[in-house]
Amino acid sequence: LSDTGVPDRTASILTGNTEPMYQRLLADARLLEECGCTVIAIPCNTAHYFLPQLQSLTKVPFLSMLQATAAACRDQFPDAVAGVLATRGTLKSGLYQQALTDAGVPFLIPEEEEQDALMRVIYDGVKAGKGPEVYGADMNAVVEALGRRGAGYFILGCTELPLAAEQMGLIAPTVDPTEELAKAAIRFCGYRVRE
């Protein structure tokens, strides 16, 4: 289901005005349930803030891209520290912090100025349809700063960030939560993920 009218998730969390967002997602989940879906995957990191509430009111199970990502980090980079790249809403809510802690994955969170830079990459860059010439310097600055503090790889924790990384040819090791969610959906449905 592609619902282009869903309010901005980060704005909902940062302003505390979460009810319209929650009601919209709940309506979408119930529609999918009525259509006969046997599992729901939400390909938005920040929207996972609402997942516990949604799950409590629907019978269809939800897959967590956060848990799938944390498991991939644990398995692919067992001796390294993750740098979490995400929106302010995702970072403020502690979504990845909790999932990574639960999986035993060490991580670093961007500092305030680095979060500002990531928001520019996401909103002024990729969402605005701009290329790396607009956001590349910000993305590189955040990756380099987290790398200096000990991050060995990076979680691209916003749907726009894998696009940014690909467009700018980012060479740092990364984990793409959207890809990990897709793999989890394939496995949940009883199929094997091709390597």
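Q: Which residue just after α9 takes a positive phi?
A: That is Gly 169, whose phi is about 70 degrees. Helices (H or I, at least four residues) and strands (E, at least two) are DSSP runs, numbered from the N terminus. This is a predicted model, in which local features need pLDDT of at least 70 and side-chain atom pairs count only at pLDDT 80 or more, while totals for chains, interfaces and linings use all residues. Residues are numbered from 1 along each chain as its sequence is written, and side-chain values use heavy atoms, with hydrogens and water left out.

Q: Which residues of helix α9 are buried, and what covers them?
A: In α9 (residues 160-168), the buried ones are Glu 160, Leu 161, Pro 162, Ala 164, Ala 165 and Met 168. Their cover includes β3, α7, α8 and β5.

Q: What makes Gly 125 buried?
A: Buried means under 20% relative accessible area, exposed over 50%, and partly exposed in between (1.4 Å probe, protein chains only). Gly 125 has 0%, so it counts as buried. You will find Gly 125 in helix α7. Leaving aside neighbours within four places in sequence, Gly 125 is in contact (heavy atoms within 4.5 Å) with Arg 120, Lys 130 and Tyr 135.

Q: Why is α7 called roughly antiparallel to α8?
A: The axes of α7 (residues 112-126) and α8 (residues 132-148) cross at roughly 150 degrees and come within 9 Å. That angle makes α7 roughly antiparallel to α8. The cut-offs are under 35 degrees for roughly parallel, over 145 for roughly antiparallel, 65 to 115 for roughly perpendicular, and oblique for the rest. Axes are lines fitted to C-alpha atoms, for helices over the stretch in contact, and angles run from 0 to 180 degrees between N-to-C directions.

Q: What hand does the crossing of α7 and α8 have, left or right?
A: The crossing is left-handed. That word is used if the near helix is turned anticlockwise from the far one by less than a right angle, and right-handed if clockwise.

Q: What makes α4 roughly perpendicular to α10?
A: Their axes cross at roughly 100 degrees and come within 8 Å. That value falls in the perpendicular range, so α4 is roughly perpendicular to α10. The contact is made by Met 65, Ala 68, Thr 69, Ala 72 and Gln 76 of α4 and Pro 177, Thr 178, Glu 180, Leu 181 and Ala 184 of α10.

Q: How many residues does the largest nonpolar core have?
A: It has 25, and those with the most contacts inside it are Cys 73, Val 84, Leu 100, Val 105, Tyr 153 and Ile 155. Two or more residues each come from α4 (65-76), β3 (81-86), α6 (95-102), β5 (151-157) and α10 (177-188). The largest share, six residues, comes from α4. Apart from this core lies another of 21 residues, among them Val 121, Met 139, Leu 156 and Leu 170. A nonpolar core is a set of buried Ala, Val, Leu, Ile, Met, Phe, Trp, Tyr and Cys residues joined through side-chain atoms within 4.5 Å.
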